Amino acid sequence: MAGVMDSVNQRTQLVGQNRLELLLFRLNGKQVYGINVFKVKEVLQCPKLTLLPRSNPVVRGVAHIRSGTIPIMDLSMATGNKPLQDLSTAFVIITEYNLKTQGFLVAGVERIVNMNWGDIHPPPKGTGREHYLTAVTHLDDHMVEIIDVEKILAEVSPINEQISEGVVSAEVHEKARSRKVLIVDDSKIARKQITRCLHDVGVEVVALEDGRQAWNHLEALVENGERPQDHYLMLISDIEMPEMDGYTLTSNIRGDSRMSGFFIVLHSSLSGVFNKTMVQKVGADDFIAKFDPDILAEKVAKQVQSA
C-alpha cells in the first residue's frame, strides 16, 4: 500500500485545474467506492482495535497509530450495510475531515485514479433521500460511488450546530434580514448545517449543489443585468464538488470583470496549510474549515456590518 500512497503529498498541483484523484476501495461485495486523496493521510492494514464501551456500533474500536488514538469506523455499517467480517485482511483509510482525524475500515483498497471534476456527477435521481452518496462517476464501465463522509460523521459523532450566545448581536441580526447569501455544497447534510447557521444570523439563503450550478446561476444573473455582488452579500462555497470544484468556480468568478468585488469564502472539510495558498492563488477572500457555527456566523456577521 505504501507504493500507492507514496506520492500523495506531491499531487497538490491538481487543485485549481478542476481535477482530483480518487482512492478506490471496496466494502462488502464488488461495488467500488472512492474518496478524494487530499483527505487521506495514510492507508494501512487494519491494526489491533481496542473496543470502546458504549460507543456507536459503527465505531469498531480505536487504534493507536503514530502516538495517537484514532477512532476506526466500519464504513460498510455506516452506510447501512452489514459489518465487515474478516478484519485480518481489512484496511484502514486514515483521513482528516473537519479538523479531526479518523479511520475508515474497508475490505480492500485498489488504486488511485486521476480524474476531472467534470466527469464526477451528482447521484442519479431516484436514489432516495437517505442515500450516503455525494457523487458518482464511471470507470472501466463500472460505476464508482463517492460517499458523503460528512453525513456519516454527523450521524456517528454529532457536532454542535448552534451559534453561541453573543456571537451575533441584535443589531447585526436586524441588518441581516435584508441580505441574501449564496451557498454551494454537494453534501446534503452540510447544506442543512450551513443554512441553519445562516438563518440564525438572520440572512436569507440560496443553496445550490455544485460549482456548475452556481456558475450557471451567476452567469444568468449577469445576463439579466444584475451584479452578483449586489444581489448577494457573499458566496460560501465548498471545494470538493461534482461537475466543477470550488477553486474553479472562484477562478471563473475572478476572471469575469462583471462580478468584480464579489466576496467569496471557501468552506471545506479539506484542511491544511496548502489551502491558504490555494485561496490566494484563485482569489478567494477567505477560507474556513468545516464546521464551526461560531466562526461561520462571525464571518457572515462581519460582512453584514461591512455592507
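Student: Which strands does helix α8 lie across, and at about what angle does it run to β14?

Tutor: First, this is a predicted model, where local features need pLDDT of at least 70, side-chain atom pairs count only at pLDDT 80 or more, and totals for chains, interfaces and linings use all residues. Residues are numbered from 1 along each chain as its sequence is written, and side-chain values use heavy atoms, with hydrogens and water left out. Helices (H or I, at least four residues) and strands (E, at least two) are DSSP runs numbered from the N terminus. Helix α8, residues 246-254, lies across β13 and β14, and its angle to β14 is about 175°.

Student: What is the strand order in the open sheet?

Tutor: Two strands pair if DSSP finds at least two bridges between them. The edge strands, β12 and β15, each pair on one side only. With parallel pairing, the five strands run in the order β12-β11-β13-β14-β15.

Student: Which residue in β12 is the bridge partner of Lys180?

Tutor: Strand β11 covers residues 180-184 and pairs with β12 over five bridges, in the parallel sense. Lys180's partner in β12 is Glu204.

Student: Why do the buried residues of α6 line one face of the helix?

Tutor: Buried means under 20% relative accessible area, with exposed over 50% and partly exposed in between (1.4 Å probe, protein chains only). In α6, the buried residues include Trp215 and Leu218. They line one face because, looking down the axis of α6, the buried residues fall within an arc (of the directions from the helix axis to the C-beta atoms) of 120°.

Conventions
Contact means heavy atoms within 4.5 Å. Axes are lines fitted to C-alpha atoms, for helices over the stretch in contact, and angles run from 0 to 180 degrees between N-to-C directions.
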